[in-house]
Amino acid sequence: MKELKELTRENIWNLAPYSCARNEFSGRNAKVYLDANENPYNGPLNRYPDPLQLEVKKQLAKVKGVAEDCIFLGNGSDEAIDLMYRCFTEPKVDNVVAMDPTYGMYKVCADINDVEYRTVSLNEDFSLNADNILAACDNHTKVIWLCSPNNPTGNALDRGAIEKILKDFEGLVVVDEAYCDFSSQKPFRTELSKYPNIVVLNTMSKAWGSAGIRLGMAFASKDIIDILNKVKYPYNVNALTQREALELLADPYEVDKWVRTILLERSRVVDAIKVLPICRKVYPTDANFVLVEVDDARKTYEYLVDRGIIVRNRNSVHLCNGCLRITIGTKTENQELLAALRTM
């Protein structure tokens, strides 16, 4: 890995971050708050939230097995994705490399930040060729994006291929593990010390059933996390989100039950779809969704919409011709989907 200073934009490295009022007395006993121009009424929402979400990180560290100072929390994982561009890529100069197909926000954020986005096609079976990814890089490649399990394909990437990229690439490698709770593959967040150039993304939106609170996370070395915290907006995670996250983290075993239930339903739904006349192929999945190739994706999609059942039409996505992406719902929701498909 190159020196972090060399990977970071010069203006970001030299940036003096905004100092929050709440940071200035950190560690001291305080009972009268007259520093932040807050309204003294309507507590506790009259107070600004903890800018570094320390209590949430403390609990998250226990659940995820990651040191508190190696955790960044943001307004969804999308904030961390955007910050990777803002911190480490120079607009109109640097580039990033990503596999194709994959999660669309990597490219959206590249376009917003005016950074070249290079794509490398996955193999026909959606597997990753590490050599092809590395061959697409040059001296201006700052970040490689990997999503495992991948969206929209659902498969976990070969661990050996990811490890090769981590070892051979001198820049930063982002491994998005939003769906890792549904996979049997060992998460890379447990190996931060082994790979100093890795940034692992995770979220409360999937296994934790909390897409509505918009809490995403990045795990990386303390030095990388410090740079992300330097650039983020001062109070980027609101008090309501932090409070809800603490309640969820207090009972991680409930989440484990949700995941087990979803995995059982996933097996049932996959087996049922495979025998449908319209089904051409069901791709292997390590996520809470399944990618299905059908006879006529557009017709099937519209048919389901007319019956109030919404899936994702991925027919126009690279390598996903004729495919629908179907999220695993409750047993009742899944049964309604299957009943509709059986009557086409």
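Guide: A nonpolar core is a set of buried Ala, Val, Leu, Ile, Met, Phe, Trp, Tyr and Cys residues joined through side-chain atoms within 4.5 Å; buried means under 20% relative accessible area, exposed over 50%, and partly exposed in between (1.4 Å probe, protein chains only). The model is predicted, so local features need pLDDT of at least 70 and side-chain atom pairs count only at pLDDT 80 or more, while totals for chains, interfaces and linings use all residues. Residues are numbered from 1 along each chain as its sequence is written, and side-chain values use heavy atoms, without hydrogens or water.

The part to examine is the largest nonpolar core, which has 112 residues. Within this core, the residues that touch the most other members are Tyr85, Trp145 and Ile165. Let us follow tryptophan 145. With its neighbours within four places in sequence set aside, tryptophan 145 is in contact (heavy atoms within 4.5 Å) with Ile81, Met84 and Tyr85, among others. Its list of contacts also includes Val96, Val97, Ala98 and Met99, together with Tyr106, Val174 and Leu201.

Several of these names return in a pair of helices, H4 (residues 77-88) and H5 (residues 105-112). Helices (H or I, at least four residues) and strands (E, at least two) are DSSP runs, numbered from the N terminus. The axes of H4 and H5, lines fitted to C-alpha atoms over the stretch in contact, come within 9 Å and cross at roughly 45°. The two helices are therefore oblique to each other: angles under 35 degrees count as roughly parallel, over 145 as roughly antiparallel, 65 to 115 as roughly perpendicular, and the rest as oblique. H4 brings Asp78, Ile81, Asp82 and Tyr85 to the contact, and H5 brings Met105, Tyr106, Cys109 and Ala110.

Another helix pair is H11 (residues 297-306) and H12 (residues 331-342), whose axes come within 11 Å and cross at roughly 125°. H11 and H12 are therefore oblique to each other. Thr300, Tyr303 and Leu304 of H11 meet Leu337, Ala340 and Leu341 of H12.

Beyond four places in sequence, phenylalanine 182 is in contact with Lys206, Ala207, Val259, Ile262, Leu263, Arg266, Asp286, Ala287 and Asn288.

The backbone of other loops also deserves attention. In the loop between helix H2 (10-13) and helix H3 (54-64) lies proline 44, which is joined to glycine 43 by a cis peptide bond with omega of about 0°. Asparagine 42 is found in the loop between H2 and H3; although not a glycine, asparagine 42 has a positive phi of about 70°. At 61% relative accessibility, asparagine 42 counts as exposed.

A further cis bond runs from asparagine 151 to proline 152, with omega near 20°. Proline 152 belongs to the loop between strand S4 (141-147) and helix H7 (159-168).

Finally, arginine 214, in the loop between strand S6 (198-203) and strand S7 (215-219), has a positive phi near 55°. With a relative accessible area of 32%, arginine 214 is partly exposed.

Definitions and conventions: Axes fitted to C-alpha atoms, helices over the stretch in contact; angles between N-to-C directions.
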